[in-house]
Protein chains: 2
Amino acid sequence: MEMKLLFEPRAVAVIGASASPEKIGFRIVENILRSGYRGCVFPINPRGGEILKLPAYADLADIEEEIDVAVIAIPAERVLSAVAACGAKGVKHLVIITSGFSEVGDLETERRIVQSAREHGMRILGPNIFGIYSAASSLDATFGPGGIAPGPVAIITQSGALGIAMIGKTATESVGLSALVSVGNKADIDEADLLEYLADDERTRAILMYIEGVKNGDRLARTLSEVTRRKPVVVIKSGRSKRGSMAAASHTGSLAGADEVFDSVMRQCGVLRAESVQEAFTWVRYLATSPRPPGEEAVIVTNGGGIGVMATDACEKHGVRLYDDQPVLAEAFSDVMPDFGSSKNPVDLTGQAKAEDYGKALTAVLKEDRMHAALALYCETALFDTERFAGLLREIYASYRDRKPIVFSLFGGERIESAIRDLRGEGIPVFGDVYEAVSSLGALYRAARREQEGPDAAVALNLPIDEIHRVLAGARAAGRTFLLAPEAAQVAAHLGLGMPRSVLARSLDEAVRAAADIGYPVVMKVVSKDIVHKSDAGGVALDLESEAEVIDAYQAIRRSCLAHVPDAVIDGIEVVEMVCPGVETIVGARQDPSFGPVVMFGLGGVYVEVMKDVAFRAAPVGRATARAMVSDLRSYPILLGVRGEKRKDIDAVADVVVKLSHLIDRCREIADIEVNPLVVYAHGEGTRAVDLRILIKQPKGVS
Amino acid sequence: MEMKLLFEPRAVAVIGASASPEKIGFRIVENILRSGYRGCVFPINPRGGEILKLPAYADLADIEEEIDVAVIAIPAERVLSAVAACGAKGVKHLVIITSGFSEVGDLETERRIVQSAREHGMRILGPNIFGIYSAASSLDATFGPGGIAPGPVAIITQSGALGIAMIGKTATESVGLSALVSVGNKADIDEADLLEYLADDERTRAILMYIEGVKNGDRLARTLSEVTRRKPVVVIKSGRSKRGSMAAASHTGSLAGADEVFDSVMRQCGVLRAESVQEAFTWVRYLATSPRPPGEEAVIVTNGGGIGVMATDACEKHGVRLYDDQPVLAEAFSDVMPDFGSSKNPVDLTGQAKAEDYGKALTAVLKEDRMHAALALYCETALFDTERFAGLLREIYASYRDRKPIVFSLFGGERIESAIRDLRGEGIPVFGDVYEAVSSLGALYRAARREQEGPDAAVALNLPIDEIHRVLAGARAAGRTFLLAPEAAQVAAHLGLGMPRSVLARSLDEAVRAAADIGYPVVMKVVSKDIVHKSDAGGVALDLESEAEVIDAYQAIRRSCLAHVPDAVIDGIEVVEMVCPGVETIVGARQDPSFGPVVMFGLGGVYVEVMKDVAFRAAPVGRATARAMVSDLRSYPILLGVRGEKRKDIDAVADVVVKLSHLIDRCREIADIEVNPLVVYAHGEGTRAVDLRILIKQPKGVS
């Protein structure tokens, strides 16, 4: 484990340690000592002396012991030499607090720092961070306010200010931390490195990440995809809006905002995306402590019809399924159901219910094996003893907390507020709002489903990559960044994409033979470098149904083109299979600036452009993921067949998606590839790739 | 003001008053006395005696004073006779607490109670409610927990349990109430009645409604539409989900859930719809106390980049525009901007900022006339004195609270939490979450825009209603609930909808003349009662471009139909103008079970069916609203013209929407009317209503 010594160092040096309490270098040493760090601490300060009763070393080289982590908090201009000194000393990890590098435009110094560290086999956290806290070694090497309580939640944050403020927030929300890591500029260590450690760390039961921008997104996606199968990851990503977002728009990117890509890839990786910090805290707290549900069927118990209906609405929104076997429900609650109550789920005990009734009903849910999770809702009533009730909830929770997920939502005045505060302080999942309770349970269900999911069989696809590389190399040798139609057709053939058959006819005879060979109807198009706008020159004829029409068209095209461009050299006339109408779709793939290879699918024309109805995934994908992309679309019913039409060949679509996703992953020199339209026919009848457009990257050094 | 005496009664009788503290009848009298009601209270109890030191009357008739409100809290079976007694006494309003009527299926008794009250000129609140609180007369006539603080917010709730719990919630959230009304079964008085009073009530500055189901929705919509121009209304509606919703599906309803209609109509009425009770409280609290913004341009001031970006994202989502004149921003913050900070909006003072800097920056925003609202965000830092900061916010808020909207969002630990609690308690809009702060400001902007909106000029549309009635009457006389094609064509002609021209030809000659008259191409269709499926019988011919083709088609249709149905009586062959292709849309209108007449617009085919891309409004609508329906659609760009196509004739579409909306409003016997498709051409070229389907209501007594 490469990161182990970062989280569990045997000794830490603080370069820039200070005796002045207002200095960051003082604060860090103070936090390390106060947090009860189990290893040795060495303050480094050129003036020597004593810092917080520890002897300060003038030079790192003076220390005899091995140093695993050096925290660097000195002015930016002195960092590079400190890094060299650490290298000489054999330090393993650098935690560079100092700011003033790439975030203010100085990429060069940052690059040199990383290079120097690499040369010495050191890894760097930061720069531009507030430090790291690790419960594994009781180490708070941050300049935060201190007092971090250990617990099951790990936080990785790209924002320093927010991260420091989170320390206080974890205390007021009773969220204990296994780790808190500030990643700052991510010059070297990034989220993926940290996740690999946290995935194995037994203390960590849930992970929260605050992300502003993604670097090396393909590795992050791969790592997340693994980690979420073992423990839940909640992400807050700022910059969802156009204004907030700094992501550059590429061609496919302009079809949907870059946030669409992030969002799709996160879902693909099984990550739970929270909208606000508050929501992320609420979820992660619950995810870290709740048992997983033994099944999908939840039951709502309430003493108020209104909040019961609101919870039902929220269950639909958050993917929580409600148990519906009415005879079992009626039986389970027969003892406690008042006259006007309802044993239908949501189970409504009405405002008449006493605390005992409520307790019995909730216990009935938790005891019944066919009911898998409980949503316990309560409205303060004038007739109900809140104190008693809180005690009851405490007892029930203690008895069943390890067996089934429970969420409580209490609504009312001061007594309820104080009950909520007390119960939450004890770690009981009590919420003041029905929506928060349901969204937490929904997050738990999503996490649990992910944990049970098998990996998407990443089909070992046999693409003739060498042959495709050769085609691309040809285009690049000709100084082009795009493929000509015949080149694209070659790639399509290598991929086994069904493109319309096409023959270049150099004479009328050849055209007639080609048409007969391809089968009617056909399309004819002039082939000439001199004629750019074929249609305008009369160089295209559609829907030719017979030999006679082909003969007429051949002559008409030649005549019309020569009339239009008198000196045109006509290479011949292309005879092309006419594609039958079907559902038009688009399959695309590109190198995303954040996530590397991504694949895209949408329905053709206005669905993508106007309705923004597009699915993205990190590439490559297997069959199951490709099919999920298809069914994710709002326009999916069109492929299922609307208005009595037949179901379309979704498997054939998925096949094209899988192929393009593997191609973009294995040919990184392809910048962008798009089949548009991919015409889809009825189930079993396949697809036709009408047009394939491939852009390749500019060779380096050419602008 | 019909409701004035309900909110401001001079004397209240409590029928069913009790001396036993556990009884509702005791609780109500106790609350009335404790709330400091300024009028007289008369407990009524057949056993007489004394209740809470007041003499109890055995009979209402024994009281000499006039009684404006009688609160009834006696068993259901005795309510009807009590209502009669109140009628005899000349009571003005009944507040019927008792439950066990229509909500448990006893519609008959409820109907008789209302009838009896009407005969005596009395209005009824309830039954099945917890009562009413009115700050205007310091009257708490509920069986709630008491202790309601007066203030600027009025609450109308359909859920009793939730309403009672809200009393406590208002206290912990420091929301003072002008009124709290439980409407229960809404047997007589409904939200619209109450809103009319509250609109004029000077104490009430914002209104919160919890709605489960809508009765008399057209009146509610009209009333809301007026009220929201004077003060903001926030609605929570439960039952948004399929499972939660009880609304019956009618044909158009099946296109989109009934919640779509509710949601559209609320937006049309300028109502703010909250998703949760918590959100509703947050908004209403802010709306009731904040000044309206002098303009659209808000500024974010933050000491943390991360929360600044999150706030920016949230601003886009909630429709808050950010000020963007960079030279003015740079100038405004030049004094306080640290090296690494950014004067771009969101203005980032960075974690380096001291409390003074922060205060100066915020003051700069509030002083600058070109900046219209301030979002002040703060992340707890180790270097910043939270106590000091809280004092600073307090001062700034006090100076500018009446001039510009301000929201604060503070994020951090215990000191921050306690600052938030204290400041909120003082009525300062401080939030713990950036999203809450921005959503509140967004709600304020929406409310302010509504308050400035002119009424939608409800075009006094001159429809030949009498003529249309006559057509409908003809169909009804024939025992039909639908119109035949020629009848529908008559209605279309009366409405001035451009339908394809059509002539019934009874001979080949007539067909040829008709085609020449209409202009080629034409469509021909057999007209025969005996041939139901015209296409199957070969009774339809499309795209006939010449006299020769018309002659061929005429003969082919006759031959084929007679081969198919040998005994068929053929009335003739219809020659119809062939409609040129254009954008297909659907305009519909119907009597909605909740809202009465509503009008619907969507793009044709899959857009409505698959993409659920539909806009609804309560009818009738004027031009501006009709145009807003068009631009509300996600598929709107298709009408604006995509891929270089021309802009479509949106005015002509709006014209059809307006006409159908007026028709459905004025002809209540029309159950459902749909133009499908309405083909739309380029701007200035109008529309063609290809098919018009009209369903009429079953005459009463016919099943």
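Colleague: Which loop of chain B holds B:Pro521?

Modeller: B:Pro521 is in the loop between α18 (508-518) and β22 (522-527) of chain B. Helices (H or I, at least four residues) and strands (E, at least two) are DSSP runs, numbered from the N terminus. This is a predicted model: local features need pLDDT of at least 70, side-chain atom pairs count only at pLDDT 80 or more, and totals for chains, interfaces and linings use all residues. Residues are numbered from 1 along each chain as its sequence is written, chains are lettered from A and ligands numbered from 1 in the order in which they are written, and side-chain values use heavy atoms, leaving out hydrogens and water.

Colleague: Where is B:Pro620 found?

Modeller: In the loop between β27 (614-618) and α21 (623-632) of chain B.

Colleague: New topic. What rotation superposes chain B on chain A?

Modeller: A rotation of 180°, with 0.0 Å of shift along its axis and an RMSD of 0.2 Å. The two copies are therefore related as by a two-fold rotation axis.

Colleague: Now helices. At what angle do α5 and α10 of chain A pack?

Modeller: Helix α5 (residues 160-172) and helix α10 (residues 277-289) of chain A pack at about 50°, with their axes 13 Å apart. Axes are lines fitted to C-alpha atoms, for helices over the stretch in contact, and angles run from 0 to 180 degrees between N-to-C directions. That makes α5(A) oblique to α10(A). Under 35 degrees is roughly parallel, over 145 roughly antiparallel, 65 to 115 roughly perpendicular, and the rest oblique.

Colleague: Which residues make the contact?

Modeller: From α5(A), A:Leu162, A:Met166, A:Lys169 and A:Thr170; from α10(A), A:Val277, A:Gln278 and A:Phe281. Contact means heavy atoms within 4.5 Å.

Colleague: Last one, the sheet. What is the strand order in chain A?

Modeller: This open sheet of four strands runs β21-β24-β22-β23, with antiparallel pairing. Two strands pair if DSSP finds at least two bridges between them. β21 (502-505) and β23 (540-544) of chain A stand at the edges with a single partner strand each, so one side of each has no neighbour in the sheet.

Colleague: How many bridges join β21(A) and β24 of chain A?

Modeller: Four, in the antiparallel sense. A:Leu504 has A:Glu574 in β24(A) as its bridge partner.

Terms used: Copies are superposed by least squares on the C-alpha atoms of residues with pLDDT of at least 70 in both.
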